[in-house]
Amino acid sequence: MPTPFRYTQPQPPKAATGRVAEVYAQLSRDFGIAEPVTFVALSSAPELLAPAWALMRESLIAGPGSRTGKELAALGVSLANRCPFCVDAHTLLLHATGDHALAERVVRGERPENEDHARVLEWGRHTRVPGGRGAGPYPFPREDAPGYLGTAFAFHFINRIVSALLTENLLPGNAQRLRAVRSLAGRTLSRTVRRPARPGASLALLDLPDPGEAPAWADGTPVGLAYAALLRAAMTGAGLLGTDDQDLVEEVLLDWDGSHPPLDLRTFPDRRERPGARLVLLAALAPYRITDEDVAAWRRPEHTDRCLVHLVAYGAFLAVDRIESALPRSVARA
């Protein structure tokens, strides 16, 4: 059977122990999927797996705001980032919320009939542009901002991990492209999706002696600690680059306007000269453009799967951080 993993060979979930096994158990209970490849792809680095799951759980699943609305926000983010795997996944999850007609309108590329739904979907799309229309005003109650913003940031990260490390097929043979399959798959998850989840349950999975300062927009919710923990874990990937490469990628991200790079990547670092910087920038700006040649040029005997996951996560979170830091302070403190 073809593997969904492009460049790593994660340990089979059934062999997981310790924190990885604990994350899988909570995923199965609260997400409804025992071994989602999205998170299995991160399992080579448990210190990234746990906070990535925590941010998604505490925002999308347990955070304030309607699940339908947050799924639409995540779908908008995934469309903006050109992540077909995640677009298909959130379409199925919309079916799981019971909004079948809405899910099918969206999959056809049509505007939702409900104006509130349409505004949330568009807001999600625009969050890719730092400081753009996705920064506000919000198309949801301000008290729900931690749930919606946390969901958007979680999927800006997850989209990039998925596009870099997984194939595009959500189900074998792209079966999710069939309406009957989408509806059936959504119905199998409906009980879990509609069940209330207790906020903060994932924080016990984190190493939180000093997670860093929680962002103001999280308003004291568990979303903030999960975000801070993921930021801290992802940014350790900078250690895989030299100082000059770190400076380069951070300068590029500082000037990034949310656009996708042109087909000609001549402005990117040459893979033969600066393969690490090239991979990080691709992970941040266009992870779907990462090639076998890019990964091979960077790989050395000492570069384990854990190293590659950390390098990709570093690039992914540089993009998240650029988007988050561009929030107007008045919006960030909603």
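**A helix pair and a cavity**

Modeller: In this predicted model, helices α3 and α10 are roughly antiparallel to each other, because their packing angle is about 155° and an angle over 145 degrees counts as roughly antiparallel; this is the relation of α3 and α10. Helix α3 covers residues 46-61 and helix α10 covers residues 222-235, and their axes lie 8 Å apart. The crossing that α3 and α10 form is left-handed.

On the α3 side, the contact is made by E47, L48, P51, A52, A54, L55, E58 and S59. Helix α10 contributes P222, V223, A226, Y227, A229, L230, A233 and A234. By class, the residues of this contact comprise 13 nonpolar, 1 polar and 2 charged.

The largest cavity holds about 80 Å³ of space. It is lined by 14 residues, of which T127, G134, A135, I323 and L327 are the closest to its centre. Helix α8, residues 145-165, gives the most to this lining, with 3 residues. The lining of the largest cavity has 10 nonpolar and 4 polar residues, and no charged residues. The contact of α3 with α10, by comparison, includes 2 charged residues.

Definitions and conventions: Residues numbered from 1 in each chain as written. Predicted model: local features only at pLDDT ≥ 70, side-chain atom pairs only at ≥ 80, totals over all residues. Heavy atoms only, no water. Axes fitted to C-alpha atoms, helices over the stretch in contact; angles between N-to-C directions. Helix = DSSP H or I, 4+ residues; strand = E, 2+ residues; numbered from the N terminus. Parallel < 35°, antiparallel > 145°, perpendicular 65-115°, else oblique. Left-handed = near helix turned anticlockwise from the far one by under 90°. Contact = heavy atoms within 4.5 Å. Nonpolar A, V, L, I, M, F, W, Y, C, P; charged D, E, K, R; others polar. 1 Å grid on protein atoms, 1.4 Å probe; cavity = no way out; pocket = protein on both sides within 12 Å on 5 of 7 lines; lining within 4 Å. Points joined across faces, edges and corners; volume = space filled by probe spheres on them.
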